[in-house]
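Visitor: I am new to this structure and would like to know what the terms rest on. Please show it to me, and then I will ask.

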Amino acid sequence: MTDSDGYGRYSASGPSDPYAGTYGGAGGYGSPGTDPYGVPSDELGSAGSSASAAAAPDPYASSAATAAPGYTGPEFGSGALPYGGPAQPQYYVAPPSSGSATAAMILGILSLTCLPLAGPVAVVLAVMGMKATADGTQGGRGLAIAGLVTGILGTLYLIFVVLWILLYVVVGVWAVGTS
C-alpha cells in the first residue's frame, strides 16, 4: 500500500511495505527523495548533499570547544556521575538544651501559678540560660526567654503579694492603735 495523494488515502498497488520508497510524494510533506530527519541544506552549506552531511560535525560530540567554560566533568561513557551521584539525605541534629533555660521556664510557670517565690530564681536562671545559649553550642534560647518573661511576671506578682500583705499589716496595726 502506498500513500497516493498524501492525505491518508491508500491504493492497493505498490510495494507491500508502506514505508518503502521515498518520503513525501505528490501532495505530501517535503519533496521526494529528501530525508525528513536529516540536516537541512541551509545548515550544510552550499553543497547540501548527503556526502557533505557525512562530513558535518556531530552535534552531540563532546569536546573542549563545545563544552561550557570551566566545565571539567567526565566524558560520556566514563562511568563517573557528573554531579557526584545521588544526594544522601541530610539530617539536622539540634544541640542539647541548656538545663538552666529549662529550669527557668519551669520555675517561671510555677511562679505564676502556685509558688511566687520561684519568680526571682527563674529570672536568675533565665539570664544564665541566655548566656549559655548565646554562642549556639547549646539550644534552648526560647526556653530561657520564656523563663525570663514568666519569671519577671512571677516576681511582679510576688512584689504585689508582699505589698498587699504589708499594707494589710500596716492598716491593721493602725486600726488597732487608733481604737
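**Terms and values**

Guide: Pro 96 lies in the loop between α2 and α3. Helices (H or I, at least four residues) and strands (E, at least two) are DSSP runs, numbered from the N terminus. This is a predicted model, in which local features need pLDDT of at least 70, side-chain atom pairs count only at pLDDT 80 or more, and totals for chains, interfaces and linings use all residues. Residues are numbered from 1 along each chain as its sequence is written, and side-chain values use heavy atoms, with hydrogens and water left out.

Visitor: Why is Pro 96 called exposed?

Guide: Buried means under 20% relative accessible area, exposed over 50%, and partly exposed in between (1.4 Å probe, protein chains only). Pro 96 has a relative accessible area of 58%, so it is exposed.

Visitor: Which residues is Pro 96 in contact with, leaving aside its neighbours within four places in sequence?

Guide: Contact means heavy atoms within 4.5 Å. With those neighbours left aside, Pro 96 is in contact with Thr 137, Gln 138 and Gly 139. Pro 96 and Thr 137 are 41 residues apart in sequence, and from C-alpha to C-alpha they are 8.0 Å apart.

Visitor: What makes Ser 111 count as buried?

Guide: Ser 111 has 0% relative accessibility, and therefore counts as buried. Ser 111 belongs to helix α3 (residues 99-113). Apart from neighbours within four places in sequence, its contacts include Pro 116, Thr 150 and Tyr 157.

Visitor: What makes α3 roughly parallel to α5?

Guide: Axes are lines fitted to C-alpha atoms, for helices over the stretch in contact, and angles run from 0 to 180 degrees between N-to-C directions. Angles under 35 degrees count as roughly parallel, over 145 as roughly antiparallel, 65 to 115 as roughly perpendicular and the rest as oblique. The axes of α3 and helix α5 (residues 141-178) cross at roughly 30° and come within 7 Å. That is why α3 is roughly parallel to α5. In the contact of α3 with α5, the residues divide into ten nonpolar, seven polar and no charged. Ala, Val, Leu, Ile, Met, Phe, Trp, Tyr, Cys and Pro count as nonpolar, Asp, Glu, Lys and Arg as charged, and the others, Gly among them, as polar.

Visitor: Why are α3 and α4 roughly antiparallel to each other?

Guide: The axes of α3 and α4 cross at roughly 155° and come within 8 Å. The two helices are therefore roughly antiparallel to each other. On the α3 side the contact includes Leu 107, Gly 108 and Ser 111, and on the α4 side it includes Ala 118, Gly 119 and Val 121. The residues of this contact of α3 with α4 divide into ten nonpolar, five polar and no charged.

Visitor: Why does Ala 144 count as buried?

Guide: The relative accessibility of Ala 144 is 0%, so this residue counts as buried. Ala 144 sits in helix α5.

Visitor: Where in the protein chain is confidence lowest, and where is it highest?

Guide: pLDDT is the predictor's confidence in each residue, from 0 to 100. Confidence is lowest in helix α2 (residues 50-55), with a mean of 54, and highest in helix α4 (residues 118-132), at 96. The protein chain averages a pLDDT of 76, and 51% of the residues score at least 70.
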